[in-house]
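Hi,

Here is the model I promised to pass on. Have a look at it first, and my notes follow below.

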Amino acid sequence: MSERDLHRREFLAQLGVGAASALAFSGAGVLACGDARDPLVGALEGLFDDPEAARAIGAAWIAEQPTPPDAEALLTAIADGRIEAARALARSDPAALLAQLRARHHADFDFGRTAEVRGWLLSLTEARVCGALARAGGRG
Amino acid sequence: MLGWRGAAARDTILKHATGCSRDGSDTELRSSHRVVGPTRRSCGPLTARCVLIDARKEAPKQEIDTDLCIIGAGAAGIAIAREFAGTAVRVTLLESGGRTPDAATQSLYRGTSMAQKYFRLDAARSRYLGGSTNCWMGFCRPLDEDDFERRDWIPHSGWPYDRATLEPYYRRAQAVCALRPFGYRGVDFATPRRPELIFPDARVLTHCFQIAPTRFGELYRDELAAARNVDTWLYANVVEIEPDPGTRRVAKLRVRVLDGPEFSVRSRVVVLATGGIENARLLLASNRVEAAGLGNRHDLVGRFFMEHPHTHSGEFLPSPVARPLGLYQLHRRGRVEVLGVLALSAAVRRDARLANFTASLAPRPQAGAFERDLGVVIAGFDAEGERAQGIPRFVFSNECEQVPNPESRVQLAYERDALGMNRVTLKWRLTSEDRDSLRRSHEILAREIGRAGLGRVKPGLGGADGAWPADLNGARHHMGTTRMHSDPKQGVVDADSRVHGIANLFVAGSSVFPTSGAANPTLTIVALALRLADHLKQEFV
Ligand SMILES: Cc1cc2nc3c(=O)[nH]c(=O)nc-3n(C[C@H](O)[C@H](O)[C@H](O)COP(=O)(O)OP(=O)(O)OC[C@H]3O[C@@H](n4cnc5c(N)ncnc54)[C@H](O)[C@@H]3O)c2cc1C
């Protein structure tokens with residue numbers, strides 16, 4: 001198994017465990033992507049001292065994409081396809097979610113999953129998170 | 001043949017040899033080179049002489065006959081001459097300039113530069129006692145181990161020996177250059193207040209420069225003047241190295257004084273140490289016996305001219321985790337200043353087939369709005385959202401290895417200088433490999449910095465369509481024009497720095513470098529000079 005697979009599995013496992021407990025606890029339903037009250041978006045905002053700055057970077061990144069992705073697509077990509085589990089984890093243990101995202105962000109550089117924004121090299125996770133916040137905040 | 005100075009007189013001088021004050025105050029520029037007997041207060045009771053000889057005022061009437069003649073009193077020439085001070089070997093050091101700069105002598109360095117934009121040639125070196133150490137910046141660092149290796153992705157790479165061979169000489173060179181003890185790794189200078197940036201798997205390394213702009217002329221002139229067996233001639237320009245008819249040996253040197261007389265020197269051994277451009281010029285201009293010039297049977301003299309392409313490109317926004325960055329800012333450490341630079345490890349360069357390069361961090365004015373926002377994002381991912389106020393911004397100051405290129409060269413121009421010597425034309429030629437190597441190095445550095453959580457990089461050269469940035473220039477490091485190789489078809493000098501096929505002619509200086517690495521050359525020049533001196537000592541046994 002490659003390191004990349006390992007990482008993905010860890011991430012999914014974390015989401016799985018978190019999601020199960022969170023869902024059991026809250027019984028939360030599905031939220032529309034891009035909803036300002038989306039717990040996932042809220043958790044992502046928690047990454048930054050100033051989420052507005054992240055939105056600005058996200059908007060710049062989206063503007064450079066040939067096919068600008070929408071918020072749902074970005075959040076789904078961030079959650080590695082398991083968006084509801086990610087939302088659940090965002091509700092139950094946002095710190096764990098953010099820790100996972102940070103680890104993935106560093107691994108992105110390792111595996112060449114990078115994005116360019118105005119020439120700056122960012123991890124793909126980083127660009128997507130900023131892009132998702134921009135979209136959810138009505139920018140980009 | 002009788003020497004210009006009788007053997008008896010020389011013996012007297014050697015017997016009476018004593019030390020001379022080295023405080024730098026008492027060296028006299030004398031017009032007489034043959035002052036025997038106590039002449040000067042400051043030189044102690046038994047002192048015979050304490051002079052540097054001014055060839056403008058008194059050129060020798062007869063041919064000088066000596067054991068070791070060194071042409072050029074710069075870093076290399078002085079380092080070798082000092083090694084022989086106080087020995088029984090008669091040394092003649094011929095220096096074009098005086099103790100201070102003068103315009104007429106400096107103008108002998110004028111030349112034309114074609115191809116890649118370059119400095120004016122007379123502004124890229126100094127022509128007086130001490131050579132270009134009169135104006136150098138003093139950045140010192142040895143070449144890396146793999147710089148000596150043959151790397152199959154770098155054409156013409158490989159020295160005839162490894163770095164371990166040079167290691168003891170590097171250590172001795174530290175003292176000659178007035179540096180601290182040998183130590184150039186990040187760990188040698190890191191402190192809690194100036195930590196080293198640590199990268200996963202050590203794929204990016206920190207090298208440190210020791211910086212001491214030691215003026216060799218000022219520092220060592222008294223010592224040279226006091227050495228009874230060393231005659232230092234100032235204003236003495238070698239204009240031709242004359243071989244014997246079979247060009248197996250140097251027969252004599254023709255020396256000219258600007259607006260003055262001409263004289264000649266015969267020497268058992270000759271060391272050419274006039275700098276990386278001038279070494280080639282003098283060999284090429286010594287073309288009366290062999291039309292292509294001395295040591296040039298294989299058309300190599302003057303070719304493979306290398307510089308360290310230097311540019312500011314690639315931006316760096318450090319994350320809060322990466323700070324403080326004090327190790328990477330110029331700071332004093334005892335008698336030297338220190339500067340940390342980033343470099344890709346040898347393994348990374350091997351895998352990616354890259355030439356060597358280092359990046360120092362040049363501070364830039366406060367970031368604009370976009371970079372400030374990016375600073376917040378970086379802090380969010382790398383430093384758990386730590387406040388990202390006042391984020392510093394840097395641009396990489398890149399010093400690159402130039403891939404050896406036979407079309408990059410020094411040639412004789414038609415125009416002649418005031419001494420009648422052909423001036424030089426420099427054709428500094430870079431290739432797309434050089435540019436591509438820096439571009440890819442930046443991409444890797446950008447990934448590694450991101451991966452280590454130390455910040456983000458805007459890689460690249462900054463020029464349009466992947467071109468070099470407008471500020472690209474050299475670093476006034478002139479290398480490769482008399483390259484070293486054991487095979488005469490591939491090098492001008494052999495592993496002992498002897499010109500192939502000419503038994504008593506040696507070359508000192510960065511012109512012998514087969515590859516340039518990414519480190520400034522002078523520490524290596526001095527190490528090589530000390531190695532050559534050791535070799536020559538054997539020749540005189
Ligand atoms: C502005 C500047 C900054 C630099 N900064 C650095 C740095 O930070 N680090 C570093 O490692 N290097 C630096 N260098 C390069 C460094 O100065 C040289 O590598 C070093 O001085 C070369 O030593 P050398 O003895 O081979 O030649 P030189 O020091 O150039 O000495 C050659 C000597 O030969 C004499 N000469 C020339 N032609 C003749 C002739 N025909 N007859 C008799 N004598 C002759 C000259 O007058 C001179 O004294 C810098 C150079 C410059 C110009």
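Predicted model: local features only at pLDDT ≥ 70, side-chain atom pairs only at ≥ 80, totals over all residues.

Let me start at the ligand: one of its oxygen atoms is 2.9 Å from a polar backbone atom of Ser132(B). The protein covers 95% of the 1,000 Å² of accessible area that the ligand has on its own (Shrake-Rupley method, 1.4 Å probe). There are other polar contacts (N or O atoms within 3.5 Å): a backbone N or O atom of Ala75(B) sits 3.0 Å from a ligand oxygen atom, and one of Ser96(B) is 3.1 Å from a ligand nitrogen atom.

Residues are numbered from 1 along each chain as its sequence is written, chains are lettered from A and ligands numbered from 1 in the order written, and side-chain values use heavy atoms, without hydrogens and water.

Now the nonpolar cores (buried Ala, Val, Leu, Ile, Met, Phe, Trp, Tyr and Cys joined through side-chain atoms within 4.5 Å; buried is under 20% relative accessible area, with a 1.4 Å probe and protein chains only). The largest has 145 residues, and Leu68(B), Ile80(B), Ile241(B), Leu253(B), Phe263(B) and Val271(B) touch the most other members. Helix H11 (residues 522-540) of chain B gives the largest share, 11 residues (helices are DSSP runs of H or I, at least four residues, numbered from the N terminus). A second, separate core of 45 residues includes Leu40(A) and Val129(A).

Cheers

Key: Buried < 20%, exposed > 50% of the residue type's maximum accessible area, 1.4 Å probe, protein only. Helix = DSSP H or I, 4+ residues; strand = E, 2+ residues; numbered from the N terminus. Polar contact = N/O pair within 3.5 Å; in protein donor to acceptor, adjacent residues only side chain to side chain.
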